[in-house]
Structures are given as structure tokens and as C-alpha cells.
Amino acid sequence: MRVKIINNPSSGKITVQKYLHTVVGKLVLDGVFKYIDTFNTSKKFDATNELLNIKDGEYDLILAVGGDGTLNEVVNGVMKAKLNNTPVALIPAGTVNDFGNYLSIPNDVDGLCNMIKNGKIIDVDVGRVNNNYFANVAAAGFLTDVPFKASVDAKTTFGKFAYYAEAVKELQRQIFNSISLEFKYYDKSIICDTYLFAVLNTSSTGGFRSFAPHAKINDGRFDVCIIKKSDILDAASIFLKIIRGEHINDENVIYFQTDKLCVRPLDSSQIHIDIDGEDGGILPVEFEVIPKAMKFLVPKNCSIV
Ligand SMILES: Nc1ncnc2c1ncn2[C@@H]1O[C@H](COP(=O)(O)OP(=O)(O)OP(=O)(O)O)[C@@H](O)[C@H]1O
């Protein structure tokens with residue numbers, strides 16, 4: 001197997017960086033990896049730009065080592081360089097790893113080696129947002145900017161606690177903030193004051209594994225979850241229900257599936273959108289699902305697909 005490794009040495013878990021060479025070494029000794037080309041990222045967009053230099057079929061596997069942000073850059077590289085037939089595998093080394101959690105990707109040496117040797121390749125949907133792509137989620141509103149506000153150094157040193165610290169800092173500033181938005185898809189239009197909304201390709205975001213309990217990565221649809229403005233007690237109860245995936249039946253939550261969506265603010269507010277944990281610019285945005293756009297390597301026993 002010819003493998004291109006894209007490694008973000010700054011991503012959340014330094015421990016994964018320490019055992020990366022063990023995983024690769026085992027796969028070389030077992031004769032699985034015959035040719036390895038490693039690229040260590042040093043800044044934003046490095047992973048995407050590196051993939052723009054390769055051709056579909058030049059490698060048998062692209063191995064991304066990092067968090068959701070690194071995977072996002074790899075997905076953008078795959079889509080922009082049209083590497084749609086080259087499977088991608090992920091070693092989840094980030095702070096939260098929503099995508100890896102959703103697909104039950106292991107994070108131990110034996111589990112990862114086994115996945116790379118005996119795993120199955122599945123076709124997965126990719127989300128397009130304006131001219132960029134995402135693997136997992138795009139979101140805006142209450143606390144959705146925490147992942148990209150926490151510094152890389154804080155995440156590397158404190159892991160998830162860097163997010164908690166940032167969330168506590170932001171909570172006071174954002175607590176009563178809502179945004180007036182229009183959501184349009186096909187002939188439908190929803191106008192509402194919104195605490196937050198998320199457009200998901202998988203069920204998991206922000207460490208909440210059932211945020212979009214009906215989402216499937218290969219169903220050709222996004223799951224859209226809008227949390228409407230409500231009084232503070234109702235809002236608190238919704239955030240508690242999110243932990244169990246029970247929020248979608250709440251009267252202040254709108255949940256639907258679609259393959260296309262436009263979201264625009266109803267006033268001149270500059271609303272940032274978070275895409276796979278990174279800053280994705282400001283609204284308005286157009287979303288579209290690209291069904292089964294790329295190939296992904298998952299463990300043989302992955303029950304999601
Ligand atoms: N060498 C580097 N030093 C600093 N930042 C980097 C480096 N290489 C890549 N980056 C940037 O680091 C950011 C965060 O990476 P990533 O999302 O993989 O880790 P994480 O934020 O810890 O994980 P998660 O998103 O799962 O919480 C990305 O925006 C990426 O572009």
C-alpha cells in the first residue's frame with residue numbers, strides 16, 4: 001500500500017503523536033505499508049494545499065492524523081484535487097474528535113493497525129458550504145465559536161478543558177444573545193430568533209454524540225437542528241436534553257432533513273459560522289450535500305454504515 005500521511009503535530013492529543021511511529025512501524029513490518037510519504041502541517045491550510053499536489057490513484061491511502069479541523073482540511077484537499085477514489089483514513093488525534101467518535105474509529109495502536117489492515121471502505125457524503133467543504137458539521141450561534149476561539153497551545157496542553165475554559169469565558173457574553181435568521185430550502189422558509197443552529201452530516205458535534213440522532217453519513221441529506229429563542233429555563237432544559245438526544249422533540253427545537261439549505265441573517269449582524277471546529281467566515285451561506293463524494297476507511301465492525 002502506498003500511503004500519504006498528513007499529520008498535524010499540534011492537534012489535541014500529543015500522546016497520539018507519540019504512538020504514531022509505532023502504528024506506522026507495525027504496518028511496515030507487516031508488509032502493509034510499502035511506500036510512505038509523510039507531510040507534517042505547520043499552519044492552517046497546509047493539509048489542503050499539500051493534497052492539491054497529488055493525483056487520484058498516486059496513493060492507495062491518505063492517512064490524516066489530527067482532529068476535526070485537520071480532517072476538514074484533508075476533505076477540502078480531496079474534493080478540490082478530485083481525489084475521490086483515494087480512500088482516506090483518520091487517526092483521531094484531536095481534542096474532541098466528533099467524526100472519529102461517530103465512526104467508532106479506535107485510538108489505540110492495535111485497533112488502528114487492525115482498521116488499516118482489515119477495515120472496510122465506505123462512500124461518505126460531504127457537505128459543501130459556499131465554496132468549501134465539511135465532513136461533520138457547520139454551526140452558528142450560542143457557544144459554537146468556542147472551538148476556534150480556544151488557542152492551539154491551550155488545546156494541546158489542556159485538551160477538552162481548554163474548550164470548557166473558553167466556554168465559561170464566553171457564557172456571560174453570549175447568554176441572552178439570539179440571532180434573527182431565515183432558513184430556506186426548496187419552497188420552505190423558516191424565520192426565527194435563534195440561539196444556535198447546526199447543519200450536520202453525522203450525529204455528533206461538540207462531544208454530544210446524539211446532537212442529530214437521525215443523521216447518517218451516507219443518506220444524501222443533512223440533519224438541521226435549530227434551537228429557537230425561548231425563556232432561560234426552557235433553554236436550560238433543552239441543553240440538558242441534548243446530552244440524551246431528546247431535544248429534537250422539544251417545542252423550541254426545529255429538526256428536519258434536507259440536501260440543500262440557505263441561511264441568511266435578517267439584519268446586518270456579522271454572524272460567524274463554525275465549520276468542523278474552524279472559523280468558516282460569516283453568514284449568509286448556502287449548503288449542499290455532495291452524496292457519497294469520497295471514500296473512507298472504517299473498522300470492519302463499524303455498525304453505523
Ligand atoms: N503545526 C501547526 N501548528 C499550529 N496549528 C496548526 C499546525 N498544523 C495545522 N494547524 C491548525 O491547527 C488547527 C486545529 O487542528 P485540529 O482540529 O486537527 O486539532 P484540534 O482542534 O485539537 O482537534 P478537534 O477539532 O477535534 O477538537 C487547524 O486549524 C489546523 O489548520
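A138 stands opposite V199, a residue of strand 9. The strands here (E, at least two residues) and helices (H or I, at least four) are DSSP runs, numbered from the N terminus. This is a predicted model, in which local features need pLDDT of at least 70 and side-chain atom pairs count only at pLDDT 80 or more, while totals for chains, interfaces and linings use all residues. Residues are numbered from 1 along each chain as its sequence is written.

Let's follow the pairing, which requires that DSSP finds at least two bridges between two strands. Strand 7 (residues 137-141) runs antiparallel to strand 9 (residues 188-200), and 5 bridges join them. Strand 8 (residues 179-185) is also antiparallel to strand 9, with 7 bridges, and here F183 stands opposite I190. Strands 8 and 9 make a hairpin with 2 residues between them, and Y186 in the turn has a positive phi of about 50°. Strand 10 (residues 222-228) is joined to strand 9 by 6 bridges, again antiparallel; L196 stands opposite I227 in this pair.

## The nonpolar core

A nonpolar core is a set of buried Ala, Val, Leu, Ile, Met, Phe, Trp, Tyr and Cys residues joined through C-beta atoms within 7 Å. Buried means that 20 or more other C-beta atoms lie within 10 Å of a residue's own, with C-beta atoms placed from the backbone. By that rule, 44% of the 305 residues of the protein are buried.

The largest nonpolar core has 75 residues, and those touching the most other members are A64, V74, V75, V88, A138, A198 and V199. Strand 15 (residues 285-298) gives the most to this core, with 7 residues. Both domain 1 and domain 2 supply at least three residues each. Leaving aside residues up to four places away in sequence, V74 touches I6, A47, L51, I62, A64 and V88. Residues are in contact if their C-beta atoms, placed from the backbone, lie within 7 Å.

## Two domains

Which stretches make up the two domains? Domain 1 is 2-118, and domain 2 is 137-142 + 177-291; such bounds come from an automatic or database domain assignment. Their C-alpha centres lie 29 Å apart. The contact between them takes 10 residues from domain 1 and 11 residues from domain 2. On the domain 1 side, helix 3 (68-80) and helix 4 (98-102) are the elements that give two or more residues.

Key
A residue is buried if 20 or more other C-beta atoms lie within 10 Å of its own, exposed if 12 or fewer, and partly exposed in between; C-beta atoms are placed from the backbone. Two residues are in contact if their C-beta atoms, placed from the backbone, lie within 7 Å.
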